[in-house]
Amino acid sequence: FKLRAVGAATGNGEWTDTAGGDVFSSPTVSPDGLTVFVGSNDKKLHAVDAATGNARWTYTTGADVDSSPTVSPDGLTVFVGSSDFKLHAVDAATGNA
């Protein structure tokens, strides 16, 4: 997949991250705006630095991740459903379950 950041003021591409499989979910951004989370058909939830596009961590589920992740209001936990029929709760800072 390719996750691209586009500058809101300029419309110019800021960065592109390529990793994993196809993406059918929408990315979500942490409450502090520092991290982008997106699920992929590589069976992983990806956390990417919003400023640089560098990978922060990946969390592996048991199947494709087609649902869009959501972040708790305090920004501490990322929730995402997977085709393994589980709702995963992941530490937003570390990627640990």
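Helices (H or I, at least four residues) and strands (E, at least two) are DSSP runs, numbered from the N terminus.

This is a predicted model, in which local features need pLDDT of at least 70, side-chain atom pairs count only at pLDDT 80 or more, and totals for chains, interfaces and linings use all residues. Residues are numbered from 1 along each chain as its sequence is written, and side-chain values use heavy atoms, with hydrogens and water left out.

**View 1. The protein chain is built from nine strands and zero helices.** Follow the elements from the N terminus and you will read β-β-β-β-β-β-β-β-β. Along the principal axes, the C-alpha atoms fill a box of roughly 40 × 30 × 15 Å.

**View 2. Of the 97 residues of the protein chain, 39% are buried.** Buried means under 20% relative accessible area, exposed over 50%, and partly exposed in between (1.4 Å probe, protein chains only).

**View 3. Thr61 sits in the loop between β6 (55-60) and β7 (70-71).** Thr61 counts as buried because its relative accessibility is 8%. Leaving aside residues up to four places away in sequence, Thr61 touches Lys43, Ser82, Asp84 and His88; contact here means heavy atoms within 4.5 Å.

**View 4. The side chain of Thr61 makes a polar contact with the side chain of Ser82, at 3.1 Å.** A polar contact is a pair of N or O atoms within 3.5 Å; within protein, one must be able to donate a hydrogen and the other to accept it, and residues adjacent in sequence count only if both atoms are side-chain atoms. Look also for the backbone oxygen of Ala63, which lies 2.6 Å from a polar atom of the Thr61 side chain.
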